[in-house]
Amino acid sequence: MSKQSNQRMHPDLNQVRKELESIMAKGHNSYKVYEDWIGLMFYAFQRDDEHYLEIMGNYRNEGPQGRREADYFAGATGALMQYMAQTHEEALGPLFIEYASNHYRGQYFTPLCLARTMARITQTEPPKDRRFIVADPACGAGVCLVACAKEQTFEENNRAIFVGQDIDLNCARMAALNLMFFNLDGLIIWGNTLTVEVRGAWKTRRSVAFGGSLRPTDTEQARTWIAGAFKAQEKPVPCVKTDTKKRGKLEQMTLF
């Protein structure tokens, strides 16, 4: 999909584009601006000041208040939150396509309409008395995981664990942010699915009272967990606040 076609399909994201392009107009590369914006949100929601300031240190932040790079990054985040609150739609994937995707590396994201169709086709009745996994081994920004979540009931969302993996760090961060934004329990892994590689891993936590949260998790624990979960072994799984105290065998659903 071309940038122009993507913009026509998502005109409500124009304010986000305006903020990001104001930074690009200062001489910064579009890929780097988008990557840094994702990184800033990623670390801000984890309250990781050290890495947040490391990214922000790449920008001069000179000029009057409201026209500094930091102000535009903040404005883009605010516009994104407003868009998602109004539409309840995933937006990081479409923006990535415009500013940061690398077609030479085979980065083509699943369009939202196709993700919804796939979710409807693959959605089956989940087990009623236990937790289950929804998995995407090449998750990109997590659009298919979010689409699948929307096909579930509120109670099913409470019992689902959304697992995504991508070899691109930027994509893994977007997927983790999206699971947090949509308040889903999940595990996002940065690494090669085919070789069971785990370079980094993050958990998202569902909370009806306080909204989603995001935090890093140990890579070896993540590797051990997915190896056991996908072999359908008996493993205890932490329950979310809205769950019952029951623990049981994990069942797996997959998008492929």
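How many Å² does the accessible surface of the protein chain come to, and what share of it belongs to carbon and sulfur atoms?

1. The accessible surface is about 12,900 Å², with 52% belonging to carbon and sulfur atoms; areas come from the Shrake-Rupley method with a 1.4 Å probe, and for residues only the protein chains shown count as cover. The model is predicted, so local features need pLDDT of at least 70 and side-chain atom pairs count only at pLDDT 80 or more, while totals for chains, interfaces and linings use all residues. Residues are numbered from 1 along each chain as its sequence is written, and side-chain values use heavy atoms, leaving out hydrogens and water.

2. The protein chain has 11 helices and six strands, taken as DSSP runs (helices H or I, at least four residues; strands E, at least two) numbered from the N terminus. Of its 256 residues, 48% are buried (under 20% relative accessible area; exposed is over 50%, partly exposed in between; 1.4 Å probe, protein chains only).

3. Helix α5 covers residues 69-87, and its end C-alpha atoms are 27 Å apart, in agreement with the 27 Å that its 19 residues should span at 1.5 Å a residue (1.5 Å times one less than the number of residues). Its buried residues include Y72, F73, L80 and Y83. The buried residues of α5 pack against α2, α3, α4, α6 and α10, where contact means heavy atoms within 4.5 Å. Just after the helix, H88 takes a positive phi of about 55°.

4. Strand β2 (residues 160-166) has seven of seven residues buried, so it is largely enclosed by the rest of the structure. A160, F162, G164 and D166 lie on one side, and I161, V163 and Q165 on the other. β2 runs parallel to β1, joined by five bridges, and pairs in the parallel sense with β3, also over five bridges (pairing needs at least two DSSP bridges). G164 stands opposite I188 in β3. From β2 the chain crosses through α10 to β3, a right-handed β-α-β crossover (clockwise from the first strand over the helix to the second, with the strands pointing away from the viewer).

5. There are 13 salt bridges (a side-chain nitrogen of Lys or Arg within 4 Å of a carboxyl oxygen of Asp or Glu). E98 and R17 form one, with closest N and O atoms 2.7 Å apart. E98 is in α6 and R17 in α2, so the pair ties together parts 81 residues apart in sequence. Both residues are buried.

6. R159 and E155 form another salt bridge, at 2.6 Å between the closest N and O atoms. R159 is buried at 9% relative accessible area, whereas E155 is partly exposed at 40%.
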